[in-house]
Each structure stands twice: as structure tokens, then as C-alpha cells.
Amino acid sequence: MESLNFLTPELAQQAADTLGTPVYIYSRDTIEQRCQEVLNFPNAYGFNARYALKANPHLAVLKLIDRMGLHFDASSEFEAMRCLHAGIPAEKIQLTGQQFPRKHLKEIIDAGVLFNACSLRQLDEFGQAYPGANVSFRINPGTGSGSNRKTNVGGPSASFGIWHDQADQVAEIAAKHNLNITRIHSHIGSGSDPEVWKAVAEMTLAQADKFPAVHTVNLGGGFKVARMSSEKSTDLQEVGEFVKQVFVAHAAKTGNEYKLEIEPGTYLSANCGSLLCDVDDITNTGDDGYTFLKLNTGMDTITRPALYASEHPIVILNDNTETTNYVVCGHCCESGDMFTVDENDNLTTRELNTANIGDLVVIEGAGAYCASMSLKNYNSFPTTPQLLLDSGEFKVIQQPQALKDMLAVEIIPELS
Ligand code: LLP
């Protein structure tokens, strides 16, 4: 059975009394602790940590992380604009995007946002717009690792970054536009095998040596985080010590002392957030079937189980000492809206406290890629509001979405 992270049954009740359910709750203390752990990453020649804000881009979260001294990695020009809107200085923001920032290019680059080219074409287009500029590029080191196929972003089947043997073409484009390659970047996936991550550090350093102006090597994020008690988190100190030695050995061989950057998303935010909801219904499919626990939330709010067959801890808040094996499902009209699936995406059951309709339920590990990656407004369910738990007090950081706001952007045209 799983347990609560930072909530208590009393705090959960208080949160439900504040905004009702479902509601996301983030813990300021946990966010700050996680930032500190990341800032303590071992390094040889200087270090910088970026928060990959795609994991949780709420302005309040960005503000807290900024105050802890981290920098940011944006995955689109809109995320970069979001950082600027939160008051984050442009020079602390890097843009690493699949899509070239054509809408706000001038706004963000003129302000000082760092550009990380993710393809030869992006590098060329950036060079045309900003000849003579400093720039970074993302390599695909030729191998990747993620907790599943959909979170692996390296190797021949991944479209992310510039293939590792195309350094000559990078140099050609850079020369054509007088660009200065000062930084190099790799990110191989989420929930990566620490051994693969370490191996990629060496490959990325070898690429960096090809560009004399490179001073910083960014090795991306992807550190595993245990959401379920059966999972194991990456030990940042252990991986960091290893990588530090790799940087030292590399410098001894080549004379190149690179500054290290990492950019975790999950590690910083996953266990800083919980989703509080309640039991809406309990049904079954007979003696040989299943007992279904239906929640008043679902894949519109937490998409990870449907997308990746990811498991999140589920804690029923009652004092029942009896347990039941439930299939836990969401409120969307989709048979795939299930919280209890195994790694092969097959339906499975979870042993939980025997529940009553109306019991509060906490879904843990909901701070990363949950609110940010939700299927907003599917079945016209409103976006889930958000609270920040700060010194024992709940602060509303996102209001419930009113139906009128959901409908405000839709227009019924004149119909003949
Ligand atoms: N840097 C880059 C360039 C990235 O694309 C990502 C994640 C990160 C850093 C942060 O990776 P993390 O430390 O969070 O693993 N939605 C997924 C995983 C895919 C994330 C894509 N990029 C999830 O729910 O686990």
C-alpha cells in the first residue's frame, strides 16, 4: 500500500474545503528541497541547473524555482515567453524546441534568451536572423534511454537534435553565418537508465571538443524518480560524482575544462505535487469480473497512465482496515481512462482501503507532466484548479475554470 507524500488527511480535508475536488496541491517545502538537491550536483569546473519547465510551468512554481537560483529550459517560444512573464531574466532562459520560434523570435532573442538549435535547419534559420551570435546546439548522441519507448528521445528513431556524425555540417552552417558555438547539449530521455546517461556524458564531451569556443556542456534531464514505493530514484550524488570524474579525466586528456549543466523536470517537481479527488462511484462486472472505483477526475487531468501506462500511488483517505482489489478508473468516456494498468498497458487491480462513495483520494507523484500535460477540457470537464501549500497554509494559485471561460473563445458563426 502506498502512503501520502506531504499531505495529511487533515490537510487534504482542508484543501477540499478550500476549492473542492479535484484539485492539484503543490508543496513549497518539497519544491525547495528538490532544488537544493539538484544544486548540490557534484561538478569539476562549474555548474548550472536548469528547470525543464515543460514538467510544470505554473508561474508560481517558476517563481519559487527562480528564487532558489536555478535557470530554465523552455521547450517552445511560448514557454520562453511564459518565463519572461514570470519575471525571469532572459539570460537565465534557454530555448530547446522541436519547432523554430517564428512567432516571437525577435522578442525572446533580442531580450537575451539563449538559443539551442535542435536541427541543422534551425541552426541555419537562426544564423540568418542573428549572424555572429553565440549559439548552442543539441546533439542526438546515437543512443537514448527512457522509462518506455515514448519517453526515449535518443538514437536513430528519435527526431530530437542533430545526429552525432553531422558535426561537420554544424561547423559549415556556423561558418556561413559567423556563429559562435559556445554550448553543446544532449538529452536522451525521461526515466533514463543512469548507466546510459553516464555513457552519453562521455560522447557529448567528445562532440564538444570539435568546437573550440564551447565552454558549457549540458547533459539534459531524465533522472528517474520513484513515484511508486517499488521504484527506485536515481542517486544524483552517485551519478554526479561519476560524471565529475569523466569531466576531470577528459580535461586531463584534452585540456578542455567544461562547465556542466543539467536540466531536470521530473526530478524537481514530480513528488512536489498531489492530486486530490474523490470517489464518485463504485460499480462491478459480477462475481467473475472487476470492482471499479470511479474517481471524479481522469485522463483529462492526469494523462500519464493512458499515455505511458505509468503508475501513480493512489491513497484512499478513510480509516478502513479492510482492503479491496479495485480497478481505478477516471471520469472520461474512454475505456482507456484507467489508473491501474500494468507496464504492458493491460488492466490490473490495485489493493486499496475499501472505499465509500465520497471518500477523499490522493493521487501522488502528480507534480510533473500532469497539470501541464492534461487533455484540457475533454468531455468539457473544467481545468483542475491548483493550490500551493506554503507554511501550512493553502494559497490558491489557479482558480477553478468557469464554464463561461471554457466557452469564451468559441464562436458560433452567422448561419444561413
Ligand atoms: N530537457 C529536454 C530537452 C527535454 O525534452 C526534457 C523532457 C527534459 C529536459 C526533462 O526531462 P525529465 O527530467 O523531466 O525527465 N512527459 C513525460 C516525459 C517526456 C518529457 C519530454 N522532455 C513524462 O510524463 O514523464
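Helix H2 (residues 28–39) and helix H3 (residues 59–67) pack with their axes 10 Å apart and at an angle of about 45°, so H2 is oblique to H3. The structure is a predicted model, in which local features need pLDDT of at least 70 and side-chain atom pairs count only at pLDDT 80 or more, while totals for chains, interfaces and linings use all residues. Residues are numbered from 1 along each chain as its sequence is written, and side-chain values use heavy atoms, with hydrogens and water left out.

**Terms for helices**

- Helices (H or I, at least four residues) and strands (E, at least two) are DSSP runs, numbered from the N terminus.
- Axes are lines fitted to C-alpha atoms, for helices over the stretch in contact, and angles run from 0 to 180 degrees between N-to-C directions.
- Angles under 35 degrees count as roughly parallel, over 145 as roughly antiparallel, 65 to 115 as roughly perpendicular and the rest as oblique.

**Helices H2 and H3**

- Arg 28, Ile 31, Glu 32 and Cys 35 in H2 meet Val 61, Leu 64, Ile 65 and Arg 67 in H3, where contact means heavy atoms within 4.5 Å.
- The contact of H2 with H3 comprises 5 nonpolar, no polar and 3 charged residues; Ala, Val, Leu, Ile, Met, Phe, Trp, Tyr, Cys and Pro count as nonpolar, Asp, Glu, Lys and Arg as charged, and the others, Gly among them, as polar.
- Buried residues in H3 are Ala 60, Val 61, Leu 62, Leu 64, Ile 65 and Asp 66 (buried means under 20% relative accessible area, exposed over 50%, partly exposed in between, with a 1.4 Å probe and protein chains only).
- Gly 69, with a positive phi near 95°, follows H3.

**Helices H8 and H9**

- Helix H8 (residues 194–208) packs against helix H9 (residues 236–254) at an angle of about 25°, with axes 10 Å apart; H8 and H9 are therefore roughly parallel to each other.
- On the H8 side, Pro 194, Trp 197, Lys 198, Ala 201, Glu 202, Leu 205 and Ala 206 meet Glu 238, Val 239, Phe 242, Val 243, Val 246, Phe 247 and His 250 in H9.
- By class, 10 nonpolar, 1 polar and 3 charged residues make up the contact of H8 with H9.

**Aromatic pairs**

- Rings of Phe, Tyr and Trp (its six-membered ring) pair if their centres lie within 6.5 Å; planes under 30 degrees apart count as stacked, over 60 as edge-to-face and the rest as tilted.
- The count by this rule is 12 aromatic pairs.
- Tyr 24 and Tyr 26 are stacked, because their ring centres are 6.1 Å apart and their planes stand at 10°.
- Tyr 24 is buried, with a relative accessible area of 1%, and Tyr 26 is buried with a relative accessible area of 1%.
- Phe 41 and Phe 47 have ring centres 5.7 Å apart and planes at 15°, so this pair is stacked; both residues are buried.
- A cluster linked by ring pairs holds Phe 41, Phe 47, Trp 197, Phe 223 and Tyr 267.

**Backbone features in loops**

- Most residues other than glycine have a negative phi, and most peptide bonds are trans.
- Thr 21 and Pro 22 are joined by a cis peptide bond, with omega about 0°; Pro 22 lies in the loop between helix H1 (9–19) and strand S1 (23–27).
- Asn 178, although not a glycine, has a positive phi of about 60°; Asn 178 is exposed, with a relative accessible area of 59%.
- Tyr 369, also not a glycine, has a positive phi of about 55°; Tyr 369 is buried, with a relative accessible area of 15%.
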